[in-house]
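Please read these notes with the model open beside you.

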Amino acid sequence: MIRYKGVFDYDGMYKMMHAWLISKRFLFHEDKYKDKVSTPFGNEIEAKWTAEKKVTEFVMEKITIEFHLWDFSEVEVIRDGKKIKMNKARMEIKFFADIILDYSKKFSKGSEFAQKLGKFYVEKIIYWDWRIKYANALEYSVYDLQTKVKKYLNMDTGSNAY
């Protein structure tokens with residue numbers, strides 16, 4: 001989770017995050033976007049993104065990003081002697097990473113034997129493969145995105161342990 005309060009370029013951050021997801025070959029869609037005027041200080045914005053990538057015929061990676069902004073308003077800032085329009089807000093961004101196994105439901109929609117076979121396949125044959133190869137890689141990718149957002153916002157903690 002990232003919490004931030006201050007002046008930033010919301011459109012630029014949006015484009016940077018979208019470009020990162022596309023560069024990692026995720027299919028991206030915005031599930032929710034809600035903008036409401038709530039206070040005299042500015043709007044309240046809620047957005048939810050879902051990005052999915054089919055890694056194999058059995059494994060899918062899914063990243064969910066939830067934005068919540070309060071007191072969102074447009075301000076003029078002087079940078080390098082020029083007036084530019086930026087945004088001011090309190091913001092919270094949550095990142096979630098999931099591995100979806102049997103996303104095409106080859107085993108789970110089948111007979112009882114197929115379901116047991118699918119369970120055996122996941123728990124005994126590919127368990128370490130998906131836990132280490134796919135889950136860890138996805139987790140580090142999300143940390144990378146989170147770090148890029150922190151750097152974009154010019155936060156003091158613009159790095160991570162990974």
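1. Rings of Phe, Tyr and Trp (its six-membered ring) pair if their centres lie within 6.5 Å; planes under 30 degrees apart count as stacked, over 60 as edge-to-face and the rest as tilted. Ring pairs join Tyr4, Phe8, Tyr10 and Phe72 into a cluster.

2. This is a predicted model: local features need pLDDT of at least 70, side-chain atom pairs count only at pLDDT 80 or more, and totals for chains, interfaces and linings use all residues. Residues are numbered from 1 along each chain as its sequence is written, and side-chain values use heavy atoms, leaving out hydrogens and water.

3. The whole structure holds six aromatic pairs. In one of them, the ring centres of Phe28 and Trp49 are 4.8 Å apart and the planes stand at 90 degrees, so this pair is edge-to-face. Phe28 belongs to strand β2 (residues 27–39) and Trp49 to strand β3 (residues 42–54), 21 residues apart; strands are DSSP runs of E, at least two residues, numbered from the N terminus.

4. Is Trp49 buried or exposed? Buried means under 20% relative accessible area, exposed over 50%, partly exposed in between (1.4 Å probe, protein chains only). Trp49, at 1%, is therefore buried, while Phe28, at 21%, is partly exposed.

5. His68 is in strand β4 (residues 59–79). Its contacts (heavy atoms within 4.5 Å), leaving aside neighbours within four places in sequence, are Glu44, Ile45, Glu46, Arg90, Met91 and Glu92.

Notes
Helices (H or I, at least four residues) and strands (E, at least two) are DSSP runs, numbered from the N terminus.
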